[in-house]
Amino acid sequence: MSAAPPEPGPPAYLPFTRPSIDEATIAGVAEVLRSGHLTTGPQARALEAKLSAHCGGRPVRVFNSGTCTMEIALRIAGIGPGHEVITTPLSWVATSNVILAVGARPVFVDIDPVTRNLDLNRVAAAITPATRALLPVDLAGLPVDRDQLHALAQRHRLRVVEDAAQSFGSCWQGKPIGSFGDFVSFSFHPNKNITTIEGGALVLNDEREAKLAEQYRLQGVVRTGFDGMEVERVGGKFNLTDVAARVGLGQLVHLEAFTTRRRELARIYFEEFDRPAVRALGLQLPPADWASTNWHMFQVVLPEARLTIRRAEVMAQLHAAGIGSGVHYPAIHRFALYRRLGWKDGDFPHAEYVGRNTLTLPLFPAMSRANVVRVVDALAAILKAHQPS
Ligand SMILES: Cc1ncc(COP(=O)(O)O)c(C=O)c1O
């Protein structure tokens, strides 16, 4: 008697993101571990060289986060107490925390509700004699308009620190983000399109800035010859290990394939969300950009006024259906730290609305078309069951 075919089990849990690490990278990491050289060394230097090639030959230094990269850029630019830096209220809180960390004041400007990025049309009105820099974010990988950004910066003699944590692999008018501009900061956190586990990179303008970045990266130390050591400034402990750098090198070779796959999956999301019954639910989709973004995330904005449940309940029901989701991000100025510094509800209505209703859906290269269909079906069913009567 032949055995009955196994009952199909429930589909595997679908997280909202998952890194793809290939076997060659795992073997490469094992080699580094066996080599005896674990911390910053040849792998980190090789990663810097590859990143520099990606960025049109500009100097690049790697670090152990995409947070310290921005803080170090601000320090190199001489930004500190008494200075203001213009940024977006809709980002990971690192974006504005680094401004506070150097003793400067963040000046938030509301987002454009369509792109969900800093609204550059509102920036000029926020510039004061104390303004020193612009710190925009490419949320979900969608680049801020670089022509407008750098024209503004030039007109007002401001430095720019591009928080490109999420936009490695994106481009502007065909040029890779990082290959032009002023400071450009990337993150290689595991949720990003390529990862070094934790890590980041800073693109700089010249070797002088690169040398300063190296000093801020490691205790302010400058070495000469075999035994020379000098310290002229306070630096931190921000160096990237060779183990982490080896992961990054293994990831980098897949960058184009990862971006292509993310774009294909995003297109499938658009097709599925375009089904009439789903479209009628009134979700706000991200801009359908097929030229610039790396599709780091696929985020919808829930139609708050047309639902009888809150976002947390939608997420709980997706989770119960085996689907992960995320929130990127609550508006920064509403956090207690920022309220104590003077911001309040109502200051940036677009960022507050998106911050309350944004929902990050699963998107990572190993996903299938069926995974996308499953997410859209599940989300549509939840929203449909919670319409006001
Ligand atoms: C927009 C943005 N800025 C800054 C960061 C900070 O990067 P890291 O986590 O590598 O310090 C992140 C990463 O989470 C981010 O998404």
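Student: By class, how many nonpolar, polar and charged residues are in the lining of the second largest cavity?
Tutor: This is a predicted model: local features need pLDDT of at least 70, side-chain atom pairs count only at pLDDT 80 or more, and totals for chains, interfaces and linings use all residues. Residues are numbered from 1 along each chain as its sequence is written, and side-chain values use heavy atoms, with hydrogens and water left out. Ala, Val, Leu, Ile, Met, Phe, Trp, Tyr, Cys and Pro count as nonpolar, Asp, Glu, Lys and Arg as charged, and the others, Gly among them, as polar. The lining of this second largest cavity comes out as five nonpolar, five polar and three charged residues.

Student: Which residues lie nearest the centre of that second largest cavity?
Tutor: A cavity is a set of points on a 1 Å grid over the protein atoms alone, where a 1.4 Å probe fits but cannot get out; lining residues have an atom within 4 Å of a point. The second largest cavity has 13 lining residues. Nearest its centre are R18, P19, S20, K192 and N193.

Student: What is the volume of the largest cavity?
Tutor: The search covers the whole structure and finds two cavities of 30 Å³ or more. Grid points are joined across faces, edges and corners, and a volume is the space filled by probe spheres set on the points. The second largest cavity has about 60 Å³. For the largest cavity, the volume is about 110 Å³.

Student: Where does the largest cavity lie?
Tutor: Look at its lining, which includes R116, L139, P286 and W295. Domain bounds come from an automatic or database domain assignment. Both domains give residues to the lining, so the cavity lies between domain 1 (23-252) and domain 2 (255-384).

Student: Is R116 buried or exposed?
Tutor: R116 has a positive phi of about 70° although it is not a glycine. Buried means under 20% relative accessible area, exposed over 50%, partly exposed in between (1.4 Å probe, protein chains only). R116 has 3% relative accessibility, so it counts as buried.

Student: Is R157 buried or exposed?
Tutor: R157 also has a positive phi, of about 50°. Helices (H or I, at least four residues) and strands (E, at least two) are DSSP runs, numbered from the N terminus. R157 lies in the loop between α5 (146-155) and β5 (159-163). Its relative accessible area is 79%, so R157 is exposed.

Student: What is omega for the peptide bond from H328 to Y329?
Tutor: Most peptide bonds are trans. Y329 is placed in the loop between α10 (311-320) and α11 (336-340). The bond from H328 to Y329 is cis, with omega near 20°.

Key:
On a 1 Å grid over the protein atoms alone, a cavity is a set of points where a 1.4 Å probe fits but cannot get out, and a pocket is an open set with protein on both sides within 12 Å along at least five of seven lines; lining residues have an atom within 4 Å of a point.
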